[in-house]
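Subject: The structure, and what I found in it

Hello,

Here is the structure I promised to hand over. Please open it first, then read my notes below.

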Amino acid sequence: MPTISYIQPDGSTVSVDAEPGVSIMQAATMNDIDGIVAECGGNAMCATCHVYVESHLDQLPEMSEDEDALLYSAAAERKPNSRLCCQIPATEALDGLIVRVPQAE
Amino acid sequence: MSEQIVIVGAGHGGFQTVVALRQYGYVGKIVLIESDTHLPYQRPPLSKAFMKGDISAEALCFKPERYYGDHNIERISKQATAIDRPNRRVVLDDGSTVPYMHLILATGACNRPLTIPGSDLDGVHGLRTLTDAAALSHRLKTATSVAVIGAGFIGLEFAAVARAAGATVHVIELAGRPMARAVSEPVSAFFTDALSGTGIHFHFNQTTERIIGVQGSVTGVETSQGESLEADLVVYGIGVTPNAQLASEAGIKCANGIIVDECLTSSDPDVSAIGDCASFPQADTGELIRLESVQNAADQARCVAKKLTKGAERFAVVPWFWSEQGNLKLQIAGLSTGHDQTLVLGDPAANRYSVLCFKNSVLIAVESVNAPADHMIARRILSSTIRPSYEEACSKAFTLKSWEASTKESPAQHEAESARTHLCG
């Protein structure tokens, strides 16, 4: 089970073991991580699971056109390492992944 | 008097109220009453990923069990049977009572039942709860021919899953087109084409007269136009009625649901109502409406939580909604009711387009298919009074993205144009 770490705006970090087959977003909601909302349930139809990915950047799945378009609509500023974490499956290759939760609006 | 906040109903509205109260800093006790014994769970996947067997029931839960204890939320798995308003307490089916400082009714709605002959045969299913979905998903595994009664969102989502599973699918619909209550004619037409293209058979302008069976199990349906369709599984989605009985029996004003004001407070100041059960004043017109959507429930939950922690705010969120039917992702921003003009943008042949709906030349809703960026921009545009007119949208180079960008560059010009077409016709 890969370990995923989530850094909150206040600097506090929570690390969780992600269940096999879940996305980084689901690992967050199942472990009650603040600030990652899944308004559309993980279907790349909103932008509320927006995170800044701080590690493993070249191991992430390619961004789809839809995700790209949605990231321009995210509440927090879009940065080069912005991703919708419902689109990132928690694979073993991402063990130790660190993501930063944006400041809520 | 008790200091606790009590919520009846742990669907999307009730659950989001709990989360929002804690997020906004409410530290008092919260009691969540729900007769469904499952941990609170998400509904949208029931007709999509869960029905397909892609995800488990556990994955549907909003939060793991420990969340509730950790956050001082008491879950009571009993039926609320009455509201004793003079004593500010909810009565449960075992006679016990739960006192409240403020009560939030998030009781949702229930499926309109099917009452035609044969409705009680084995193999006739509704779809609303996890229990329904689990039974139906199981039945679908062995079904060869499915009759879907009602071409609303639920019916079509299920039809798409059933078709992808290889069953013959017939959809029988009273109106002349699918999703007639909620979408424009162009979108209905596009969906009829696209879904028919996957092999789904539509039977419009017909009712199902009876369901026939052998040895207690369904074998077919007969329509009002005399068609006899084979079916070993019948699924109906013919609308819902709001669960307002608790409120009405307690003397709280109801009509098409529990009536609330712009701050989602009912005729009793200590009682709020949200989600599928609530009839609230629409922000633009003041007219009472009741919306059946997950986003409405969640947005109203947040509004009530703000009211109870930071102070009341007028509920004025642009309604939005989504439906996933096969590979068609439909997202709707605004309400298209009463539109008198439509304009199609994008590439319908590639199933990637938006339909703009106008009333008196003012944009009131945008229906997007596989165009999430358009949808997000539409939600922003519709939350402002500065909107493109039909004439502007007709120009060759118009896109929602370019229009939004231009309003940021020259707001004054667009304000003037919007004033000319004036908002509430």
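Is A:E54 buried, exposed or partly exposed? A:E54 is partly exposed, at a relative accessible area of 36%. Buried means under 20% relative accessible area, exposed means over 50%, and partly exposed lies in between (1.4 Å probe, protein chains only).

Some ground rules. This is a predicted model, where local features need pLDDT of at least 70 and side-chain atom pairs count only at pLDDT 80 or more, while totals for chains, interfaces and linings use all residues. Residues are numbered from 1 along each chain as its sequence is written, chains are lettered from A and ligands numbered from 1 in the order in which they are written, and side-chain values use heavy atoms, with hydrogens and water left out.

**Salt bridges**

A salt bridge is a side-chain nitrogen of Lys or Arg within 4 Å of a carboxyl oxygen of Asp or Glu. The whole structure has 19 of them over all chains.

A:E54 takes part in one, with A:R100 as its partner. Their closest N and O atoms are 3.5 Å apart. The two residues come from distant parts of the chain, 46 residues apart. A:R100 is in strand β5 (97-100) of chain A, and A:E54 is in the loop between β3 (50-53) and α2 (65-71). Helices (H or I, at least four residues) and strands (E, at least two) are DSSP runs, numbered from the N terminus. A:R100 is partly exposed too, at 33% relative accessibility.

Next, look at A:D68 and A:R78. Their side chains form a salt bridge at 2.7 Å, N to O. A:D68 belongs to helix α2 of chain A, and A:R78 to the loop between α2 and β4 (82-84), 10 residues apart. A:D68 is partly exposed at 30%. A:R78 is partly exposed at 25%.

Now go to chain B. B:K48 and B:E157 form a salt bridge at 3.0 Å, N to O. B:K48 sits in the loop between β2 (30-33) and α2 (49-52) of chain B, and B:E157 sits in helix α5 (153-164), so the pair ties together parts 109 residues apart in sequence. B:K48 is buried, at 8% relative accessible area. B:E157 is buried as well, at 4%.

**Where the chains meet**

Contact means heavy atoms within 4.5 Å. Chain B gives 22 residues to the contact and chain A gives 17 residues. Together they bury about 1,700 Å², with 48% of it on carbon and sulfur atoms. Buried area is the accessible area (1.4 Å probe) that two parts lose on being put together, summed over both. B:W322, B:P372 and B:M376 supply 25% of the area that chain B buries against chain A, more than any other three residues.

There are 2 salt bridges between the chains. In one of them, B:K63 meets A:D32 at 3.0 Å, N to O. Five elements of chain B each supply at least two residues to the side that touches chain A: α3 (66-70), α8 (294-309), β22 (320-325), β23 (328-334) and α9 (372-382). The largest share, 5 residues, comes from α9(B). By class, that side of chain B has 8 nonpolar, 5 polar and 9 charged residues. Ala, Val, Leu, Ile, Met, Phe, Trp, Tyr, Cys and Pro count as nonpolar, Asp, Glu, Lys and Arg as charged, and the others, Gly among them, as polar.

**Strands in chain B**

Two strands pair if DSSP finds at least two bridges between them. Strand β10 (145-149) of chain B runs parallel with β11 (168-172) over 5 bridges. B:I149 stands opposite B:I172 in β11(B).

In a regular strand the side chains alternate between the two faces of the sheet. Both faces of β10(B) are covered. B:S145, B:A147 and B:I149 are buried on one side, and B:V146 and B:V148 on the other.

An open sheet of 3 strands in chain B has the order β18-β20-β21, with mixed pairing. β18 (258-259) and β21 (288-289) stand at the edges with a single partner strand each, so one side of each has no neighbour in the sheet. β20 (278-281) and β21(B) pair in the antiparallel sense over 2 bridges.

Best wishes
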